[in-house]
Amino acid sequence: MTSNPLPVNSSRLGGCTLTGAISVTSHVRDAVTIIHGPAGCSHHNVSLLHASWLDNDHAILPELVSTGLSETDIVFGSEETLRKSIRHAAGRDVRAIFVLSTCIVETIGDDVAAVCAEEYGIPVVPVPTAGFLGGTFHDGVNNALIALAATAGPCRKTGGINIIGEMNLEYEVEENYTEVARLLSLLGLTVNLRFVHDISYDQLARLGAAQLNILRSPALVPVGEVLKERFGTPYIPSFPHGLSGTLSFIRTVAGACGIDGQEAVSGECVRQEEMIAGFSDLANKPASLDHTLSGAEEILAAEELAAVLDLVVGAPGKSSRLPVSAAIGTVGTRRMLHRWRRAIHA
Amino acid sequence: MKQIALYGKGGIGKSTTSANLSSALSGRGLSVLQIGCDPKRDSTRMLMQGRFIPTVMDLVRERGDAALSLSDVVFTGYNGIRCVEAGGPEPGVGCAGRGIIATFQILEKFGALEGDVIVYDVLGDVVCGGFAMPMREGYAQEIYLVTSGELMSLYAANNICKAVQRLASRAKSKCRLGGVICNAKGQPREEELVSEFARRVNSAMIQYIPRDHVVQQAEVNRQTVIEYSPDSAQADHYRSLAQRIMENTRMTIPTPLEIDDLESLAREFI
């Protein structure tokens, strides 16, 4: 049982477990996600997904269905309502159905897994996503990825790299993927599967074929462990952050794949030096790093970058407040540098 | 209008006591409404010639609450007593507590909560917030505990004291413990024990109801004792209970016992 030892806990960063799970399942193009709960749980999430997808020029509505529970469902139990929703969705032209639970159905004890285990003619995959059980947004992502991984059987290793747990709601999700794919290509490696970003249900079967899994962030380590256990695939716990982070990422991937990465590292190093030279106008400028919402690896990468640029960080007096965001790879670092330049010359 | 609720361990005789109490109250010329607040739905059966009346929750499920009216949910039984069963989900699914809350909201909407006396007959244990609903503001202000001298029955009664104490501490709550009804199993010194228990939880035993075979005889004839055998001594006990409840002015905030104290109390009277 989970409990909150601090009843005044005002954290706003944990996020809804359901939203995390939807950010994964809604990226299986030919599947439907059923949200088993009151209509509001779905509406809020559809709005969020729609808005973030539009940001990424992806102007279609996510395939979400709500069981739209009312008080009667809560009093009498809502398993039958769920069964009807699944049957209805199964009658459409879809390859699979994902069923996400909500706080209220876990409270009244609906046996969601048992209803999903019945025969509907297509795979029906339950994902436990009740937030009050102690989960955050990340737990929702992890639960969904682990549930989807269970649908993939063992398969022959054909090489290639899996990208695990991309942050589908982040603004730069495509750019970050492109950058990681570019870094892999420096080693002659290709992507086997984006698990899960804009794929079809059948593609999930390829999950076990990769020789290496690259996780988007260390929060996905539980998923990496499950995949390692299930398919014997090793993993790297994070996308690369910043300058030296990118170089060591290339080295680590090369090592994991038994490739000599020295040439790739040298080439990338030259590229980074040329890039930094292009931002020499920032040298000696007074600045402070705004890392209110940043993670540790993002802050470390930003501090390194500020030092390389000869920015004067933390000096008294007037300074520019520089946004610290995820600087994924060399290209991501360049995007952050452009933001810094705009802030400094503003 | 007087609103009272009977709580106690499952199987202790709350429904039998409630139905006989309602009968006795109606015999005093009072307009009585009895509400069964238990998914088992058998509170009012003896007032309805053994009939299981449709429950509020069943009717909501079948027709939707928009299609219901007062006459659909209230049934008139023995001596004009109005009967309502809250009902609830099948065993093992859903949320019975929410069902009680929903029933109360529907009854309020229909203006069903009227008359001289309302008797709420509530599920044995106050397992969640929903079953404390009858004790909340605007509903029963007087709680009566039904218990025998058995330890498990006293234990359940003591737990309900905790719920009453908690609710009584809320700012606008008028919920108080009205007394303890001893529905005897027939064990030695039972009346003394229950009386002492009532005293220790800061209340009083309001009525001792001895064990009597006439209760079973009435039940197999689908009647209350008051209806089946109005001249019996048992019927007098229920009439006495009705009178004492109507005259009762001693409302207290209970002081529940620790389990060790409860056990040593029971040991004193073995």
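I began with A:Leu100 and found it opposite A:Val127 in strand 4 of chain A. The model is predicted; local features need pLDDT of at least 70, side-chain atom pairs count only at pLDDT 80 or more, and totals for chains, interfaces and linings use all residues. Residues are numbered from 1 along each chain as its sequence is written, with chains lettered from A and ligands numbered from 1 in the order in which they are written.

**Sheet, chain A**

I looked up the pairing next. Strand 3 (residues 96-101) and strand 4 of chain A run parallel and are joined by 4 bridges. Pairing requires at least two DSSP bridges between two strands. Strands are DSSP runs of E, at least two residues; helices are runs of H or I, at least four; both are numbered from the N terminus.

I then traced the whole sheet. It is open, has 4 strands in the order 2-1-3-4 (chain A), and pairs in parallel. Strand 2 (64-66) and strand 4 (124-127) of chain A are the edges, each pairing on one side only. From one strand to the next, the twist averages 25°. Helix 4 (residues 79-90) of chain A packs on this sheet and touches strand 1 (31-36), strand 2, strand 3 and strand 4 of chain A. The direction of helix 4 makes about 165° with that of strand 1 of chain A. Angles run from 0 to 180 degrees between N-to-C directions, and axes are lines fitted to C-alpha atoms, for helices over the stretch in contact. Contact means C-beta atoms, placed from the backbone, within 7 Å.

**Helix pairs, chain A**

I checked helix 8 (residues 173-186) against helix 13 (residues 329-344) of chain A: the axes come within 7 Å and cross at roughly 140°. The two helices are therefore oblique. The cut-offs are under 35 degrees for roughly parallel, over 145 for roughly antiparallel, 65 to 115 for roughly perpendicular, and oblique for the rest. A:Asn176, A:Glu179, A:Val180 and A:Leu183 of helix 8 meet A:Gly329, A:Val331 and A:Gly332 of helix 13. I sorted these contact residues into 3 nonpolar, 3 polar and 1 charged. Nonpolar covers Ala, Val, Leu, Ile, Met, Phe, Trp, Tyr, Cys and Pro; charged covers Asp, Glu, Lys and Arg; the others, Gly among them, are polar.

Helix 10 (residues 242-257) and helix 12 (residues 296-308) of chain A pack at about 115°, axes 7 Å apart. They are therefore roughly perpendicular.

**Chain A with chain B**

I found 11 residues from chain B and 8 residues from chain A in the contact. Helix 2 (56-63) and helix 4 (96-110) of chain B each supply at least two residues of the chain B side.

How values were computed: Contact = placed C-beta atoms within 7 Å.
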